[in-house]
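Here are a few friendly notes to read alongside the model.

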Amino acid sequence: MKTRRIMMAVAMMLVCMNSIAQEQRMKEFQELLSKYETSYRDLIKSGKYEETIAPLKTLINILDTTTICQVTSIPERALNESKAFYYYDLACCYALTKQKTKVRTNRQLALKALEQSVKLGYKDYNNMLNDNDLISLRKDKKFQELLAVVKSRKPLGILQKSAPYAKDSVVMDNPFHYQPHMSMNLKMVREYFMLDSVAGQGDELSKIINLLHFAHDNIRHDGNNRAFAELDAIDLYNYYKTTGRGVNCRQLAISLCEMYLSMGIPARYVTCMPADSLDYECHVINTVWSNQLQKWLYIDPTMDAWVMDENGTMLSIAEVRERLIKNQPLVLCETANWNHESQQTKDYYLDEYMAKNLYYFVCKKISRFNPESVYRNNDPEGDIRLIPVGFVNNNWKCDTTTDPEFFWAKPGDEER
């Protein structure tokens, strides 16, 4: 069973709403859902599965009858995805009912709820396959049919069906530039965090990894929180130390990017996007140039992660994507974890989570200190995205290329 919060998705839509009335309507909607979500999560933790059914049914009814989509920018699909999770948890609760007189009836109700979940788009195949809450249903023909449908929705399958890249017909100059490490702001980052000591005296790869560990260990990740701070490494670090609240993956990747730049190591933060235009969960990581290997490296500060081939050679984001598509070996580093609380596995992190989020990519053309501040009159730097041929998605309106050599161009000699 995986409890989810509907507002993780729809809260992201709040920034699109200008009307105070809309915001008030959203707030009331959030509070109503939160009331029943708190109830059913507490009951689940206590093992009171039969008592959990009532608040789950109430949540489903709220989403069935709400008119929130008519008065706000929330798409109906966001509600359906949340209903899918509620129906899934409802199926688990029915399946876990222990009373002998109700076992057969509740198994039928569990299958019915699970079927509704799948109809609404449930797609967590590994969870459904291994969820012990549903162990009483596994031999049922209906369960196997539903499991097969969910398997067809696995992110890796979607990625493997993506169109190829292609060289652009128009030759353009390399648009990517990297702020010099001797600039005042980057020197401040280097000195503030004493990064020469952090990086150590080893080779280039060891320095890249040491800086990754430092950012991961010293700035907590919280995917549900957008820090109200200047978007630079120093301010974000102090925001976490002062408030105790973590920062999202984008803010963490911005912080690590500045640390690399301050050490004279070209780096970008890369927004890794899913194919589904209505999937609001992306992931932001870093790409870091290695002179030693003469290529970009895949670096994820949220998970303290990098990826290797079967020989232990560190890979780039492009190489990881290609190997996923071709079912070639990938090795996740042993340190991969979330906030030192949960270890990451290759099966979940790469085959599920990142397979979904490696469909297309967006980068800033200029990598620099404080690249996205909302508090200063910084001239906005242009974005550029890399997409497969024929891909149509207007969620991110910016310059676009289908040429990976252009997008992953190595930094100029003056920037290395």
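1. Helices (H or I, at least four residues) and strands (E, at least two) are DSSP runs, numbered from the N terminus. With that in hand, Val 374 sits in the loop between β10 (366–367) and β11 (383–386). Val 374 is exposed, at a relative accessible area of 55% (exposed means over 50%, buried under 20%, partly exposed in between; 1.4 Å probe, protein chains only).

2. A word on the basis: this is a predicted model, where local features need pLDDT of at least 70, side-chain atom pairs count only at pLDDT 80 or more, and totals for chains, interfaces and linings use all residues. Residues are numbered from 1 along each chain as its sequence is written, and side-chain values use heavy atoms, with hydrogens and water left out.

3. Now the overall picture. The chain has 17 helices and twelve strands. Along its principal axes, the C-alpha trace spans about 75 × 50 × 45 Å. Of the 416 residues, 51% count as buried.

4. Please look at the aromatic rings next. The structure holds 15 aromatic pairs (rings of Phe, Tyr and Trp, the last by its six-membered ring, with centres within 6.5 Å; planes under 30 degrees apart are stacked, over 60 edge-to-face, the rest tilted). Trp 289 and Trp 296 are edge-to-face, because their centres are 5.4 Å apart and their planes at 75°. Both Trp 289 and Trp 296 are buried.

5. The rings of Tyr 360 and Phe 391 make a tilted pair, with centres 5.2 Å apart and planes at 45°. This pair links distant parts of the chain, 31 residues apart: Tyr 360 belongs to strand β9 (residues 360–364), Phe 391 to the loop between β11 and β12 (399–401). Tyr 360 is buried at 0% relative accessible area, and Phe 391 is buried at 15%.
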